[in-house]
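User: Hey, can you walk me through this one? I'm new to reading structures.

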Amino acid sequence: MISSLGELEVNYVVSGVIRDLTMADPSTYGNKNYFKDLYNRYYIKRYKPESRKYLRNFVADIYIHDGFSGQLIHQKTYNTVGLWNVEPHFRTGYDTAAFYELDYGQQVNALQDALIKDLSEFLRCEPFSVSISRTNDRTLWINAGERHGIKRGDKLTVYRRSTFFDPSMTPSTQLSNTKQTLVIDDVQMNFASGHINNTAASHNI
């Protein structure tokens, strides 16, 4: 899948895997004393020693891949715990009012907000990239336009994408700087065109 990310025509691909949703104490719902269990779940304050066994884990790994090369450029693990003091077979669903009434839902929501903030800050510092859709002599067209913030006079560095294979014949994408600068001359809503100093063919673009 990663080797074909360039076909998506996106700068970056964000994905994630939820690793753990288990109770912090695996024996939590093995308590056969119904009344003690009921008391612990509904009347003990969060993080008192007796209620720690009702903490539930949330662990997720987030990945960011470059949309053109398919290379992994960032990954981070996020984790939190929250009080899950409901019946063993109770189903709240995710992103529901019942879920966010629970301390666990509130902790997961706070973690989600922090995750989104981290992603925004990381991607804000990354360079903008776009595919070249067509060439003609010194003129190049790109798959980004006014809708993407491109303006006349903008200057973009031109890279050439190539594929190489390691000893096991696994393909990888390499981006090579052609040392050419594309100066944008015309901008449409979804595409733009501009010129470079030399012909595209001379740089195998």
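Predicted model: local features only at pLDDT ≥ 70, side-chain atom pairs only at ≥ 80, totals over all residues.

User: What kind of pair do Phe99 and Tyr100 form?

Analyst: Phe99 and Tyr100 are edge-to-face, at 5.3 Å centre to centre with 75° between the planes. Phe99 also pairs with Tyr104: the centres are 6.1 Å apart and the planes sit at 85°, so that pair is edge-to-face.

User: Is Phe99 buried or exposed? And what about Tyr100?

Analyst: Phe99 is buried because its relative accessible area is 6%; buried means under 20%, exposed over 50%, and partly exposed is in between (1.4 Å probe, protein chains only). Tyr100 has 24%, so it counts as partly exposed. Tyr104, at 2%, is buried.

User: Which residues do the ring pairs link into a cluster?

Analyst: Trp84, Tyr94, Phe99, Tyr100 and Tyr104.

User: What lies over the face of Trp84?

Analyst: Arg56 does, at 4.3 Å from the ring centre. The rule is that NZ of Lys or CZ of Arg is within 6 Å of the ring centre and within 35 degrees of the ring normal. Arg134 likewise lies over the face of Trp141, at 3.7 Å.

User: New topic: in what order do the strands of the open sheet run?

Analyst: The five strands go E4-E5-E8-E7-E6, with antiparallel pairing. Strands (E, at least two residues) are DSSP runs numbered from the N terminus, and two of them pair if DSSP finds at least two bridges between them.

User: Why is one side of E4 and of E6 left without a neighbour?

Analyst: E4 (132-136) and E6 (155-165) stand at the edges with a single partner strand each, so one side of each has no neighbour in the sheet.

User: How many bridges join E7 to E8?

Analyst: Four, between residues 171-187 and 192-195. Val183 has His195 in E8 as its bridge partner. E7 and E8 form a hairpin, with four residues between them.

User: And which residue in E8 is the bridge partner of Trp141?

Analyst: Ser193. Strand E5 (139-142) is joined to E8 by four bridges, also antiparallel.

Definitions and conventions
Residues numbered from 1 in each chain as written. Heavy atoms only, no water. Phe/Tyr/Trp six-rings, centres within 6.5 Å; stacked < 30°, edge-to-face > 60°.
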